[in-house]
Amino acid sequence: MSRPPSGSLTEEAFNRIRNEILASRLPPGQKLVIADLCGSFGFSLGAVREALARLTAEGLVEAEPRKGFTVAPITEAEIKDITNVRNLIETLCLDNAIQHGDIKWEANIVAAQFELSRLPIQDPGDPARLSEEWAEAHKRFHEALVAACDSPWLLRIRNLLFNQSERYRRLSVPLDSKKRDLVSEHKEIADACLSRDSETACAALKRHLDRTTRIIIDSDVCNMRQSHNRKPKRAPQERVENASS
């Protein structure tokens, strides 16, 4: 079988490792040994190294001289900061979209909210994790809400913050002991948008984002570096990698 160009391999490695981090299969604080990642995913050393460099720039991975790479820890300060900025940007986008949205925008919100309400939030094969299908539908719903916003820069910033929040969102599902009613939360936001009630819609969206943050902060995840630095299977390779990191 022919291999894709090196650029495609780097992109593939980036997406694969990023998805593993977002799904917490590579949990906060996990040591990332390049040789082990190459062996697990079948990518070249160069592709994995470039992928980790990109993930470091995204804030999902930390790099330390002579120590290599680690999945970025969860901190209370960061999640509070991201949530505060998201509240500002998301509500700006939503208010703008409500002012400019047409009937097609309304129809897309209805369709996205209906789809999301019909999907199980937990992964059927692993109830402790978020369903990938639900996560994709959730992203489409929130994109539908702001789709009529006429500021490309606001939407770019909003998309960056949404992606940065994805790991927290996924972590909140198994940590949610009170089992929040996400269907009702999403419906409240959608209904206010369809009523063109910007004040109510923005307030509901802010409460929605704040609840996720509160679940994480109330857990023992914040400010802890997880003890997942298990001994690698190929110690000699790890020592070579660490020396060259």
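1. Let's start at cysteine 149. This residue has a relative accessibility of 6%, so it counts as buried. Keep in mind that you are looking at a predicted model, and that the values below are computed from it.

2. What about disulfides? Cysteine 149 is not part of one: the nearest cysteine sulfur belongs to cysteine 93 and is 4.3 Å away.

3. Now step back to the whole chain. The protein chain has ten helices and five strands. Of its 245 residues, 47% are buried. If you take contacts between residues at least 6 apart in sequence, 76% of them join residues at least 24 apart.

4. Next, the inside. In soluble globular proteins, nonpolar side chains tend to be buried together. Here the largest nonpolar core has 33 residues, and the ones touching the most other members are Leu94, Trp105, Ile109, Leu145 and Cys193. Which elements give two or more residues to this core? They are α4 (76-100), α5 (103-117), α6 (132-146), α7 (152-175), α8 (182-194) and α9 (198-218). The element that gives the most is α6, with seven residues.

5. If you ignore its neighbours within four places in sequence, leucine 94 is in contact with Leu145, Val146, Cys193, Ala201, Cys202 and Leu205. Two of these names, Leu145 and Cys193, also turn up in the list of core residues that touch the most other members.

6. There is also a second, separate core, made of 22 residues, and Ala13, Ile21, Leu22 and Cys38 are among them. Is cysteine 38 buried or exposed? Its relative accessible area is 14%, which is under the 20% cut-off, so cysteine 38 is buried.

7. Leaving out neighbours within four places in sequence, lysine 139 is in contact with Phe162 and Asn163. Have a look at asparagine 159 too: it sits 20 residues from lysine 139 along the chain, and the C-alpha atoms of the two are separated by 9.9 Å.

8. On to empty space. Rolling a probe the size of a water molecule over the atoms shows where such space is left. How many cavities of 30 Å³ or more does a search of the whole structure find? The search finds one. The largest cavity holds about 40 Å³ of space, and its lining is made of Gly59, Leu60, Glu78, Ile82, Gln164, Arg167 and Tyr168. Both α4 and α7 supply at least two residues of that lining, with α7 giving the largest share, three residues. By type, the lining of the largest cavity divides into three nonpolar, two polar and two charged residues.

9. Finally, look at the second largest pocket, which has a volume of about 300 Å³. It is lined by 24 residues, and those closest to its centre are Arg169, Ser172, Arg180, Leu182 and Thr212. At least two lining residues come from each of α4, α6, α7 and α9.

Methods
Residues are numbered from 1 along each chain as its sequence is written. This is a predicted model: local features need pLDDT of at least 70, side-chain atom pairs count only at pLDDT 80 or more; totals for chains, interfaces and linings use all residues. Side-chain values use heavy atoms; hydrogens and water are left out. Buried means under 20% relative accessible area, exposed over 50%, partly exposed in between (1.4 Å probe, protein chains only). A disulfide is a pair of cysteine sulfur atoms within 2.5 Å. A nonpolar core is a set of buried Ala, Val, Leu, Ile, Met, Phe, Trp, Tyr and Cys residues joined through side-chain atoms within 4.5 Å. Helices (H or I, at least four residues) and strands (E, at least two) are DSSP runs, numbered from the N terminus. Contact means heavy atoms within 4.5 Å. On a 1 Å grid over the protein atoms alone, a cavity is a set of points where a 1.4 Å probe fits but cannot get out, and a pocket is an open set with protein on both sides within 12 Å along at least five of seven lines; lining residues have an atom within 4 Å of a point. Grid points are joined across faces, edges and corners, and a volume is the space filled by probe spheres set on the points. Ala, Val, Leu, Ile, Met, Phe, Trp, Tyr, Cys and Pro count as nonpolar, Asp, Glu, Lys and Arg as charged, and the others, Gly among them, as polar.
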